[in-house]
Amino acid sequence: MSVVAEKVPGAKATAPAQFGLINLLKVIAAQLIVLHHLAFYGPMADYARPLMPDVIDWLGSFARIAVQVFLVIGGFLVAKSLFPQGQPGVINPLGTVWRRYAKLVPPFMVAMLCAVAASALANRWMTHDSISAPPDFMQLAAHALLLQGVLGYDSLSAGAWYVAIDFQLYAVAALLVWLCGRFPGSALRRWLMPAVVVVGVSTSLLYFNRDPGWDEWAPYFFGSYGLGIMAWLASDPKRRPRAVALLVAMILVPTLAALVLDFRLRIAVALVVTCILFLFGRARIGSTSYWGMSAVNRLAQISYSVFLIHFPVCLVMNAAFAQFVPPTPHYQALGMLAAWAASLLAGAAFYRWVELPLGRMLQSSTTAPSPRTAFI
């Protein structure tokens, strides 16, 4: 695993120069996801809609596509972590996947317990479809194993599905790196990985991603994730121009064919992000202390915590405003802004008091750190 790609627990909110663009994309996408959930779940958005109907409708319908940013970035950073030189080597797939699981799940389960408590509190103040029923042991166990969607259990929090899919995709990538790394010959391994990935991308975009029945499984999302992997490979400055042109063709041909066959806005967004990462993902932007990059890096650093904890916070804020605040558009719009701000503050607290301590425990109990993906 690349040391450059590792976020050391307790480190200051700075990032290598080449991560500036990625952090900016992460921050924008994370805020759109929070705003999407505010617009889609809870009564505040319904009350505030007359004040800004187009904005709320757009956030409720289209802002969720920002998840494609995380999928593509996740693939890009996994490639940087697992085979930074563009050539898969020998890894321990079980140990690598276990470290990823151990990094994702502890803070995830703390957030799920917060969501259970938030639902119990919100249920006292309002009746709404966004409130989850008290979970039983099997539902909690399914979440702990990141199998809630696969086993047919309702998610305890909006966005819980993404953590499960992120883990599946990471496991698939680690398995592919391990398999490709077992082949002899550096030249073969150098092209075997992109060939395998583009087959996976093509299969996903042309078949699995067109069938919603697969949306609890990695193949449905591997198209976007694999595009991120290909963006890392194609952006390697050590590659010859012909090799780069071939890799770009391997990105564009299956993706454009899939869009012609069945246009999906989410795949078009994934392709745009892929092109941005190919062109600028490795570019150094100099010091990260100017143009507000310190704030961007800080927000990117806490993005996983914000993603985990924002829904319980928004649920309680919705319930409080439903119970104690008049249902007028201006008051409820202010409530949405307050919930957004509270989500960021809660994310910063969750990062400091939950994610960081658990990360330190993980680092002290494992022999190798866990790679970064889209959120962390």
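Mentor: What follows takes the nonpolar cores, then the proline, then the cysteines. Please bear in mind throughout that the model is predicted.

The largest nonpolar core comprises 99 residues, and Phe108 and Leu277 are the ones that touch the most other members. Helix 7, spanning residues 160–181, gives the most to this core, contributing 13 residues. Around Leu277, once neighbours within four places in sequence are left aside, the contacts are Ile22, Leu25, Val72, Ile73, Phe76, Ala231, Ser235 and Arg282. Another core, of eight residues, lies apart from the largest one; Ala118, Ala122, Phe311 and Leu315 are among its members.

The proline to consider is Pro357, which belongs to helix 14 (residues 329–365). Pro357 counts as partly exposed because its relative accessibility is 26%, which falls between the limits of 20% for buried and 50% for exposed. Apart from neighbours within four places in sequence, Pro357 is in contact with Tyr351 and Arg352. Pro107 is 250 residues away from Pro357 in sequence, yet their C-alpha atoms are 9.7 Å apart in space.

As for the cysteines, Cys180 has a relative accessible area of 4% and is therefore buried. Cys314 is likewise buried, with a relative accessible area of 4%. A disulfide is a covalent bond between the sulfur atoms of two cysteines. A search of the whole structure finds zero disulfides.

Key
Residues numbered from 1 in each chain as written. Predicted model: local features only at pLDDT ≥ 70, side-chain atom pairs only at ≥ 80, totals over all residues. Heavy atoms only, no water. Helix = DSSP H or I, 4+ residues; strand = E, 2+ residues; numbered from the N terminus. Buried < 20%, exposed > 50% of the residue type's maximum accessible area, 1.4 Å probe, protein only. Contact = heavy atoms within 4.5 Å. Disulfide = S-S within 2.5 Å. Core = buried A, V, L, I, M, F, W, Y, C linked by side-chain atoms within 4.5 Å.
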